Amino acid sequence: IPVDDFDLVIFGGTGDLARRKILPGLFRRFCAGQMPADARIIGAARSEMDSDGFRTLVRDAIIEFGGDDLSSRRELPDFLLQLHYVTTDARGDGGWKELAAQMRSGVVRAFYLSVGPGLFADIAERLTSFGLADAASRIVVEKPFGRDLETARALNHDLAKHFDESQIYRIDHYLGKETVQNLMAVRFGNILFEPLWNSQYIDHIQITVAETVGVGGRGGYYDKSGAMRDMVQNHLMQLLCLIAMEPPSKFDPDAVRDEKLKVIRALDDVETHHIVRGQYSAHGDMKSYRQDVENERSFTESFIALKLQLSNWRWAGTPFYLRTGKRMKARSSEITVVFKDPPHSIFGDEGGQHHNELSIQLQPNEGMTLDVTIKEPGPGGMRLVDVPLDMTFADALGPEADDVPDAYERLIMDVIRGNQTLFMRGDEVEAAWSWTDPLIEKWQARSDVPKPYDIGSNGPEDALMLMHRDGRRWRDIK
Ligand code: NAD
């Protein structure tokens with residue numbers, strides 16, 4: 001179903017994120033017939049170029065990042081005709097009048113700020129002073145949304161001077177993933193799970209976001225940030241919220257976000273021995289974290305594991321274990337809900353110990369499996385085995401699954417539709433920083449030194465111990 005006609009201005013339209021994700025994603029929506037024939041995508045950035053130059057840049061980006069299937073699509077020339085470009089200086093007056101002249105009235109206006117947060121205030125102000133934005137316009141902002149509570153508040157304040165909260169779309173692309181939404185469908189669309197979704201039946205929950213890449217070319221930024229700010233405060237926190245929240249009364253942006261906010265507010269302070277920070281060591285010709293960021297005295301974590309507890313009726317007594325890191329064994333993002341053992345085994349020792357696990361994979365492939373215990377087939381007596389019940393939507397949908405949009409494209413279409421459900425609200429972001437800041441201060445006050453871990457491993461030994469001490473273990477990173 002096509003969305004309403006729109007003009008989308010991408011500030012930072014020549015940058016890495018725009019070329020890697022946003023523009024190939026928009027082309028995929030174009031191919032799927034979701035973009036109206038007159039919709040305009042206007043690149044606005046510092047680089048001097050004209051619309052033809054931008055079209056060449058976007059074509060090259062689609063070839064480089066879109067994969068063979070996308071770049072060979074015959075729709076490409078038509079898509080490129082919908083692109084325009086205006087050289088615009090976010091901090092000065094250059095380009096703004098030309099940009100205003102490019103925009104049509106009577107269509108949805110969206111402004112995607114694919115630039116560093118240092119430019120949010122300048123752009124928001126000029127969008128109003130040059131008359132580009134009106135009360136119906138939407139503004140999309142990228143992470144990082146601040147580096148602590150104070151800076152996040154300042155960004156919220158700067159945006160609020162020119163835009164109402166209902167116009168602001170703070171992107172966390174993890175929320176755009178099909179399986180993340182499927183998680184809500186599984187929880188609230190079935191009678192099976194919700195009665196068991198509490199500390200009486202769930203032993204613990206694990207969230208892992210493992211990356212194989214190092215800090216790449218972002219060393220300068222990353223070393224001032226670290227895994228806690230870069231991943232936990234936003235992506236892992238959002239996943240935790242969706243897993244732990246109470247059922248919203250309806251699938252409506254504020255109803256969902258109200259419930260997520262309550263989860264963040266129910267998080268306990270984390271004890272020092274429930275935090276494990278790590279840094280990857282050099283291996284062969286692969287550099288260590290400190291070499292990558294060119295700071296031999298860096299105490300920033302490239303890995304973090306945490307044991308969290310929520311103080312509310314549903315979750316008291318059920319820990320949440322979170323871990324994320326770079327240069328780990330495999331690229332894998334997964335949420336695992338580990339149910340308790342049945343209270344009594346009628347099969348005795350022969351049956352062994354069994355429990356159910358619901359595992360939600362977000363990366364590299366999206367899918368869901370539920371481990372159920374059955375009898376091992378054959379004549380061997382009443383021996384039990386756990387087999388995964390595969391709930392992967394791609395298998396269920398067959399070829400139609402190829403049309404499932406990736407996170408960025410889905411979220412951009414939601415912006416055009418005016419649906420904020422999968423975007424973070426200002427108070428949510430501030431609450432997440434209110435919880436994050438004291439933890440960071442805690443380890444900074446002790447001058448905590450991150451534990452070394454091998455490249456290609458599961459992280460530092462202490463992270464494994466965090467679970468072992470409780471008689472539990474992390475699910476294998478595959
Ligand atoms: P980038 O450095 O590759 O691109 C920055 C863009 O901003 C360029 O188009 C540049 O021309 C433009 N720009 C810079 N200063 C400007 C000015 N004064 N006036 C007008 N335009 C100006 O950065 P990026 O990697 O594309 O990241 C953009 C934002 O998205 C950042 O906030 C980043 O943290 C965030 N982000 C990036 C990624 C990613 O994969 N690259 C992922 C998540 C979030």
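Guide: Ser447 lies in the loop between helix 16 (426-445) and strand 15 (451-453). Helices (H or I, at least four residues) and strands (E, at least two) are DSSP runs, numbered from the N terminus. Residues are numbered from 1 along each chain as its sequence is written. The model is predicted: local features need pLDDT of at least 70, side-chain atom pairs count only at pLDDT 80 or more, and totals for chains, interfaces and linings use all residues.

Ser447 is not a glycine, yet its phi is positive, about 50°. Most residues other than glycine have a negative phi, and most peptide bonds are trans. Ser447 counts as exposed because it has 7 C-beta neighbours inside 10 Å. The cut-offs are these: a residue is buried if 20 or more other C-beta atoms lie within 10 Å of its own, exposed if 12 or fewer, and partly exposed in between, with C-beta atoms placed from the backbone.

Glu294 also has a positive phi, about 55°, and is not a glycine. The loop that holds Glu294 runs between helix 12 (289-292) and strand 9 (303-308). Glu294 is exposed, as 11 other C-beta atoms lie within 10 Å.

Next come the cis peptide bonds. One joins Gln363 and Pro364, with omega about 0°, and Pro364 is in the loop between strand 12 and strand 13 (367-375). Another joins Lys143 and Pro144, with omega about 5°; Pro144 is in the loop between strand 5 and helix 7 (149-160).

Two strands pair if DSSP finds at least two bridges between them. Val337 stands opposite Leu358 in strand 12. Strand 11 also pairs with strand 7 (residues 202-210), in the antiparallel sense, over eight bridges; there His204 has Val338 as its bridge partner. Six of the eight residues of strand 11 (residues 332-339) are buried, so the rest of the structure largely encloses this strand.

Phe111 stands opposite Ile139 in strand 5. Strand 1 (residues 6-11) is joined to strand 4 by six bridges, also parallel, and Ile10 stands opposite Tyr112. Strand 4 (residues 108-113) has five of its six residues buried, so it too is largely enclosed by the rest of the structure.

Last, there is a record to set beside the model. UniProt, in an unreviewed entry, places the feature "active site" at His235. UniProt positions are given in the numbering used here, feature names are shortened, and annotations may be inferred rather than shown by experiment. His235 is in helix 10 (residues 226-244). It counts as buried because 20 C-beta neighbours lie inside 10 Å. Apart from neighbours within four places in sequence, His235 is in contact with Asp172, Tyr174 and Val209 (two residues are in contact if their C-beta atoms, placed from the backbone, lie within 7 Å).
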